[in-house]
Structure formats: structure tokens, C-alpha cells
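Visitor: I am new to reading protein models. Could you take me through one, step by step?

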Amino acid sequence: MALMAEIAAQAVQMLLVLAIAPLMLGITRKVKARLLRRIGPPIWQPYLDLWKLMHKEAVLAHNASWLYRTAPYLVFAATWVAAALVPTYATNLMFSWSADLIAIVALLGTGRFALALAGMDVGTAFGGIGSSREMLIASLAEPAMLLVVFTVALIAGTTQLSVIAETFIGGVGVRVSLGLALLAFVFIAVAENARIPIDNPATHLELTMVHEAMVLEYSGRHLAMIEAAAALKLMLYFSLLACLFFPFGMATKDQSEIALAIGLGSYLAKLVVLAALLPIGETAVAKMRVFRYPIFLGSAFAAAALAVFLLFVSRGGL
Amino acid sequence: MSERLQALLANRPQVAAHKPWPRYELDDAGWSAAGQALGEGGVDLLGLWGDKDEVHMALRAVGQPPCVVSLRVRNESFPSIGRYHLPAIRLERAIRDLHGHAPISTPDRRPWLDHGAWGMRAPLGTRPPAARRDPAAYEFLPVHGEGLHQIPVGPVHAGIIEPGHFRFTANGETVVRLEERLGYVHKGIDGLTAGADLEPAAKVVARISGDSTVAYSFAFARAVEEALGVTPPPRAQILRGVMAELERIANHFGDIGAICNDASFALAHAYCGIFRERVLQAADRTFGHRLMMDRIVPGGTEDMAPGGARSIVQTLDEIEPQFAEIVRLYDDTPSLQDRTCTTGIVGNDLVTLWATGGHVGRASGRDFDSRRNLPYGPYPGAAFDVPVLTAGDVDARVWVRIREIEQSIKLLRTWLADVPAGSTRQPLPTTDISGEGVAMVEAFRGDVLMWVRITDGRIARCHARDPSWFQWPLLEAAIENNIVADFPLCNKSFNCSYSGHDL
């Protein structure tokens, strides 16, 4: 019986992230539209878009290889698993032992690798440009991300998200290093999710695209998979932000229905707040020049590195 | 070396029917000498176009009145001007494609508007049948070097814009060279107007480039009026000015917003979209058409609705303070300034050589505005400044537009405070309807040149030269050594017309 409940709790989390990921995207778009004095599409529009794409014919280039056809599913699977591993409303779920921060970074890296290869597969100029820019961003964002991981791992003593969340809920006090790590994490999240000022998900200008350029040739169900993966990735970063830096409300030791309900409610509230904050930030700035990416992500790296050094210093040397 | 041109044209007989600029008929040597004068500088090429068995060229020695020179074509060829003066090359390629007159010893023999899809050559000339070619078979200029790769963009773009092909050669993200290929929206304007009555011809001309429909109608009306010796009544003159300035501010609002949007700064785009819409709605209320299409006709204009002047002034009152806010936002957003400043610089030498008009020329220090330099209609005596900047980057082109909007609003307020009463139409003569007329009108992009020859009440030949002819080539120069991702920003800051150029 206990096993059934555990499986159910884990299954709820896996399906929850999948089910509400498009909604979060819908909320960001709606808020953005309202900020620009437009009415904007309804917040469930991303579901309709996915439904539409699933039922459209997938057009393939003549020279598309198996890689091109399988990459969307690989990207979707890797992103879904990664998103489902992040503790959302409760810690100590069945697969919590595998919810390792480094594993999540690796899963996302795998997805990105597959997509970058697929972008170059059919040999169009835009796919190549997109892949090259994506890799530029990745090579700058990943080291910074790992330093963020080190920061929280040094405080919590582990890279397991469940344990980190529990430690942080238990209270670790106000820490400068955590603040710096948060700053770095937000920068990385913006870059990884192809948002302004790094990339513009709404652009029609093929020459300025990063993520969109890589997937420019995709259509039908393949594109649906990629879009769903993009929504999941945004969801993952929201969840990770909530789990690492704002873990309050999460059900930990007490796994009663009430605790779980509180956990779920607070999680959803956090997501909505984040989904509304993102477009507000996006509206205030213009997209940056491609050659500014290293400065943007470099400052994320510097902040995260500073966070790690501060921890070492405050511990009196390790 | 304008003296050279003067010496060349002194004591030559003028074509009597041509108004208001003089037109001279030259021989081969004279024509080549005019080309050399162009190449030496100090003379602007305003236009170069073909006729049944002639080629015409409009010139202006800087600071002096313009003129037109003509050459009778022999053996389907004429001495190339392009070998002396680069800006003539594309015009000559177009002449050969449309009329079949081949420029002798031109540096570039490739077709321009003819993509091989017409089933004939020289549709305005002898029309010999020709086998259809693959439109994609076009020889781009070779680029040599290590680590270079090409990025073909268009003619079909990801957004809803006009078609044009851009061939980038890049080294990583840096553009080494850009070559344009245009002509995808060729509509046969010259063929459609030839032999047409004045009224249908005016309608065709009004549709050459939809965003400049007022300027084109204005230019056509003026050219016809010059040819026939008609002066429109004062009320019509002022209404023409009102429409031209409304069109200018509507387009500039759209452009400023679109430039910001290309830097993904959607806020300015949203607000500028609202401003543009308000202006268009005011135009609709006042003149019965949002873009004021077909409102200007040879001999005058359609009248405005009663209360129209008040309606426009009210709209301006609403927009002006809000626009000032958006300008402040543009100026105070470092992330946006970082994109526009020092991006896509065009040097003063290039805009001088190409005689580039509009915001492209004025942002690079070319102090020319046909409203002031060759005043017409309601502009003589009107008080307005012509903003000129020297930075030549995207930012400068944005600021020229911002300043022009302010000046246009000032003009509109002056005119609308006191619109003369009376008729808006001067009837055209009914007998002896022949002549040649030329006119230049400042569209929002720059100077439109219009040349007409009327024979027995019908258009024998009408040629419209869009300002984009002398702006497109500079876009190739502007993007050099910039990054690929900045091209949309540079392109939007130029906002050249595809349709006006492709004819």
C-alpha cells in the first residue's frame, strides 16, 4: 500500500510537470502581451498549438538522417526526465535518490547536444548558425551552472536535490553566497531558455535566432516535441529556482494529504509568480549583441565563483 | 566638377516641351562626357532610365538646378555611365532588362530585374522571345578567402516582408560581404502606364510602393501639371502638404517601432504601432482613406471632410507628449542604445557618391531634402528644419526620423491652422494635351523622381525612380564587418522599398 502511494506521488509529479508546462508558457506570453497593451492569446494557447502540430504532416528534408528524426524525441525525453526529477511539491519521492543536480545538468546537456547535431544535419545555413550560437552559449552557461551547483552542494553537503531542499527548509540563515548563486542562476536560466536578452522566442528574424534557428526546419510532430521540450525546460528552471532558493511550503517528512496539498499549492503559486516576473524583465531590456553573450554569462560565472570562494573563506579553509 | 557639366551643356538646344528642368539632347561623346563629370564628383545622379529609342539621365550639379540629358540609342546600345559612376550600374542593368538597350563597356553585364521568367527579353523594347531560365541561376560576385561560408537569405523570409535575396559571406559571425539580388516584385509599372489615360496611369503610379502612395501620387500629379502647364489651386497645395506630412510621420512611427522591435525591444514597437494607427485613423476620417491613396490627382486633390483639420490637430495633441515619452525611453535604455549605436555605419563619402536621399543620406551628413533644396507645392516659405547627423549608424537614422516627425508636426500645425478656402481642383486642358514633365517629391524614404511624356492626352512614357535605388547598394556597405545578427537592425533602419525599386 505504501509502495502504491509512493508510486502515485512520483507519478503525480512526473505528470504534473508535463501537464502544466505549456500553461506556464501561456501565462508568460499573456503577461507579456498585456504589458505591451495587447490582449494576447488565451493562456491555454500552447496546448492548442501542440495539438495542432501533432496533427500536421511532418515535412522532412530529402537528406535528413535518422538523427534528425529521432532528435526531437530524445530532446523531449531527456528534458522531461530532468524536469520530473526536480522536487516540486514534496521531497523524498520514490526517485529522489536519482534527483542529482549534476545528473540534471547532464540530461539537459544531452538534449542540447542532440538538438545541435540535428540543427546541422540537413545542412541549411540557419541550422548551422543556430547550432554554433547554441554551443557558444552552452559552453559559457554550463561552467557557471556547475559553480552554482557547487555552492548549494557545499552548503547542503550533497548534490541531491531532495536533501538540499530539506536542508534549506530547515534553515541555513541568510547567506551572501546563496544570493550570488541565485543571481548567477537567473542569468543562466535566461540564457538556457532562449529568452531576451540572449534570444527572442517570438522573433521572425531568421538571422538573429539561436534556438529557433536550430529548429527552423522542423515541422509537425517533431516540432511539437521540441516545443513541448522547450516548455518543459522553462518549467524545469522555474522548479529548480523554487526548489533551491525558495523551498518553503514543500512537504518533507510529513507526507500527509494536508502537507502534500500545501506543497502543491505553494509550488503552483511560485510558478505563477515566476511566469509573471519573466516577461516583466523581458520587456525592460533589448536583446544583446551576439558578442556580448560572454560578458553576460561571464558575470554569471563570476557571481557563482564568488559564491563558492565566499563559502570556502567563511569555513576557514577546507 | 560642376563647371565641366556646365561647359558641356552651354549653348546646347533645349527640348522645348520639357518642363520645368531643361532637357538637352546629347551625342555619344557628350553623353560620355556627362558620365565622366559624374565620376569626377560634385554632380549627383538623380535618375537614369530608358525610353523607346532613347536613354535619359537626370543630373544635378550640387547647389544648382537639375537638368535632364538624353541620348538617342543606336544599334541597341549606348555608352555606359556605370563605368565612370558606380551608382548607375544597377540602373543600366534595369534599362537593358526592360528596353534591351545595352550599356557599352559596362563593368557588370548580369541581368537585374529580368529573372528569366518572362518568356521574352526587353518587354518594353522589341520583345524578342527568350527561353525561360532558372531564376536561381545567377552569378554572385566571387568571394575568396579562408574560413568563409555563405548564408543565403530569402527571397522568402520568415516574417511578413517583401521578397528579396541576400547572399551573405561570413567569417563566423562577421559579415565579410553582402550581395543583394532584387527584382522579385517586378510588376511591369512602366509597361502598365505606357499608353494609359491620365486617370488609370495615376492609379497605377499610386500603387508602386504602397507606403509612399501619397508621395508617388504627388510626384505624378506635379510632373503632369508641369507638362501641361497647370497650377493647382492654393487649397489643393496645402492639402497635398498635409497628406505628405501625415504619410511621413505615420511611416516614421512605424519604422522607429520596427527598429526597436528588431532589437527585441517590443515596448517601443507597441507604442509606435499605436501612434501610427492614430495617424492613419485621422487620415481616414479626414481624407476617406487610411493611406490617402488616390487622393492627389493631376490638377489638385480630393477635398477633405469638414472638421478634418481639427481632427488631425487633436490627434497630434494626443500623440506628441506620448511620443516624447517613448523617445526618452529609447534614449534611456542602455541595452537598446548598445544595439543601435555604432551599428551599420555608412560613410559620408558613400552617401555623397550615391546622392542618397532621405534618412540614410541625412544620417550620414548629406544635407539634402527636396522640400527645401528644390522646393515645390506648399513648401516654399514654409518654416521647417532638415535634421542632419553625421554618425551614419542605426542610431543616427532613428534620430533623423524622430526629428523629422517633430518638424512634420510643426508644419502640419501651421498649415492646418489656416487652410485656404476654395476649390481643390484645376481642370486639365482638353486640347493640345502634350508635353514632358519632371518632378521630385520628398517621400518619407527620400526623393522620388517622376518623369512623364504625354502625347495627345495619354501617357507615352512614365518613369518613377524610387529613393531606394540609391539606398539599397549602401546597405551592402553598411553591414560589412558587422555581425550577421545585426543585419535585420541595419536593414530596418534603411527600410528600403522592394516594390518601388523592382517596378
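**Confidence and conventions**

Guide: Among the elements of chain A, the lowest mean pLDDT, 86, belongs to helix 6 (residues 161-170) of chain A, and the highest, 95, to helix 2 (residues 45-54) of chain A. Here pLDDT is the predictor's confidence in each residue, from 0 to 100. Helices (H or I, at least four residues) and strands (E, at least two) are DSSP runs, numbered from the N terminus. This is a predicted model, in which local features need pLDDT of at least 70, side-chain atom pairs count only at pLDDT 80 or more, and totals for chains, interfaces and linings use all residues. Residues are numbered from 1 along each chain as its sequence is written, while chains are lettered from A and ligands numbered from 1 in the order in which they are written.

Visitor: What pLDDT does chain A average?

Guide: Chain A averages 89, and 99% of the residues score at least 70.

Visitor: Which residues have the most contacts inside the largest nonpolar core?

Guide: They are A:Met24, A:Ala144, A:Ala184, A:Ala304 and B:Met450, in a core of 257 residues. A nonpolar core is a set of buried Ala, Val, Leu, Ile, Met, Phe, Trp, Tyr and Cys residues joined through C-beta atoms within 7 Å. A residue is buried if 20 or more other C-beta atoms lie within 10 Å of its own, exposed if 12 or fewer, and partly exposed in between, with C-beta atoms placed from the backbone.

Visitor: Which helix gives the most to this core?

Guide: Helix 9 (residues 220-245) of chain A does, with 18 residues. Domain 1 (2-104) and domain 2 (207-464) of chain B both give residues as well, so the core lies between them. The domain bounds come from an automatic or database domain assignment.

Visitor: And what does A:Ala184 touch?

Guide: Leaving out residues up to four places away in sequence, A:Ala184 touches A:Ala144, A:Val148, A:Ala300, A:Ala303 and A:Ala304. Two residues are in contact if their C-beta atoms, placed from the backbone, lie within 7 Å.

Visitor: Now the two chains. How many residues of chain B are in contact with chain A?

Guide: There are 24 residues of chain B in contact with 22 residues of chain A. On the chain B side, helix 10 of chain B makes the largest share, four residues. By class, that side has 15 nonpolar, four polar and five charged residues. Ala, Val, Leu, Ile, Met, Phe, Trp, Tyr, Cys and Pro count as nonpolar, Asp, Glu, Lys and Arg as charged, and the others, Gly among them, as polar.

Visitor: Back to the domains of chain B. How many residues are in contact there?

Guide: In chain B, 17 residues of domain 1 are in contact with 14 residues of domain 2. On the domain 1 side, strand 3 of chain B supplies the largest share, five residues. The centres of the two domains, taken over C-alpha atoms, are separated by 28 Å.

Visitor: What does strand 3 of chain B pair with?

Guide: Strand 3 of chain B is joined to strand 4 of chain B by seven bridges, and the two run antiparallel. Two strands pair if DSSP finds at least two bridges between them. The bridge partner of B:Asp44 in strand 4 of chain B is B:Arg60.

Visitor: Is strand 4 of chain B mostly covered or exposed?

Guide: Strand 4 of chain B is mostly covered, as seven of its eight residues are buried. Six bridges also join strand 4 of chain B to strand 5 (residues 67-72) of chain B, in an antiparallel arrangement. There, B:Ala58 stands opposite B:Val68. In the hairpin of strands 4 and 5 of chain B, which has five residues between the strands, B:Gly63 takes a positive phi near 85°.

Visitor: Two loop residues, please. Where is B:Asp294?

Guide: B:Asp294 is in the loop between helix 8 and strand 11 (296-297) of chain B. With 19 other C-beta atoms within 10 Å, B:Asp294 is partly exposed. B:Lys203 lies 91 residues from B:Asp294 in sequence, but 6.4 Å away in space, C-alpha to C-alpha.

Visitor: And why does B:Asp466 count as buried?

Guide: B:Asp466 counts as buried because it has 28 C-beta neighbours inside 10 Å. B:Asp466 is found in the loop between strand 15 (458-465) and helix 15 (472-479) of chain B. Beyond neighbours within four places in sequence, B:Asp466 is in contact with B:Ser209, B:Val448, B:Ser497, B:Gly500 and B:His501.
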